[in-house]
Amino acid sequence: MKPIRKQRLILIVLMLAVLGLAATFALKAFNENLMYFFSTSDVASGKAPANSQFRLGGMVVKGSVERPNADLLVRFKLSDFEKEVTVEYSGILPDLFREGQGIVAKGALDSRGVFVAEEVLAKHDENYMPPEVAGSLKKPAAQP
């Protein structure tokens, strides 16, 4: 094999290796930043991941909002009208947050099975419901 052809072959193989490595890193970063949505029934049945963040949506159960301390901690229950999940959030809730309204929260489950939210998003008017929440509320219950 001529030296020039050998150099070109080595260069092509090297470029392919770099391209493959870049694609691997891009896919890994994309996969780590994916945020899945789960309904309260999914979480209650153990379908939600225990060690990673996800979005949880549902309706705030009437009479469930508690402020156990004088700080910003709020505890409430979310429901998809079948199962309920306890949510804890430390921070300022959106102005439109209230009982009986649909919300989406981002966070993770703790060791007690409580969803610890980092962010809470409330619907913006009386006619809007996040698509994920609306879809999970319309899904028929899974038969055992």
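1. First, the ground rules. This is a predicted model, with local features needing pLDDT of at least 70, side-chain atom pairs counting only at pLDDT 80 or more, and totals for chains, interfaces and linings using all residues. Residues are numbered from 1 along each chain as its sequence is written, and side-chain values use heavy atoms, with hydrogens and water left out.

2. The overall layout. You get three helices and six strands, and the order along the sequence is α-β-α-β-β-β-β-β-α. Helices (H or I, at least four residues) and strands (E, at least two) are DSSP runs here, numbered from the N terminus.

3. Of its 144 residues, 31% count as buried; buried is under 20% relative accessible area, exposed is over 50%, and partly exposed is in between (1.4 Å probe, protein chains only). The exposed surface comes to about 9800 Å², with carbon and sulfur atoms supplying 59% of it; areas are from the Shrake-Rupley method with a 1.4 Å probe, and for residues only the protein chains shown count as cover. Take the contacts (heavy atoms within 4.5 Å) with a separation of 6 or more: 50% of them are between residues 24 or more positions apart.

4. Now the rings. Phe, Tyr and Trp rings (the six-membered one for Trp) pair if their centres lie within 6.5 Å; planes under 30 degrees apart are stacked, over 60 edge-to-face, and the rest tilted. That rule gives three aromatic pairs. One of them is F38 with F54, an edge-to-face pair at 5.2 Å centre to centre and 85 degrees between the planes. F38 sits in strand β1 (residues 37-39) and F54 in strand β2 (residues 54-60), so this pair ties together parts 16 residues apart in sequence. F38 counts as buried at 14% relative accessibility, and F54 is buried at 0%.

5. F54 has another partner. Its ring centre is 5.1 Å from that of F115 and the planes are at 55 degrees, so this pair is tilted. F115 belongs to strand β6 (residues 115-122), so with F54 in β2 the pair joins parts 61 residues apart in sequence. Both F54 and F115 are buried, and ring pairs link F38, F54 and F115 into a cluster.

6. What about the core? In soluble globular proteins, nonpolar side chains tend to be buried together. Beyond four places in sequence, F76 touches V60, S64, V65, V85, T86, V87, F97 and I103.

7. S64 deserves a look. It is in the loop between β2 and β3 and is buried, with a relative accessible area of 9%. Its side chain reaches the backbone nitrogen of K77 at 3.1 Å. Setting aside neighbours within four places, S64 contacts R75, F76, K77 and E99.

8. Last, D42. It lies in helix α2 (residues 40-44) and is buried at 15% relative accessible area.

Methods. A polar contact is a pair of N or O atoms within 3.5 Å; within protein, one must be able to donate a hydrogen and the other to accept it, and residues adjacent in sequence count only if both atoms are side-chain atoms.
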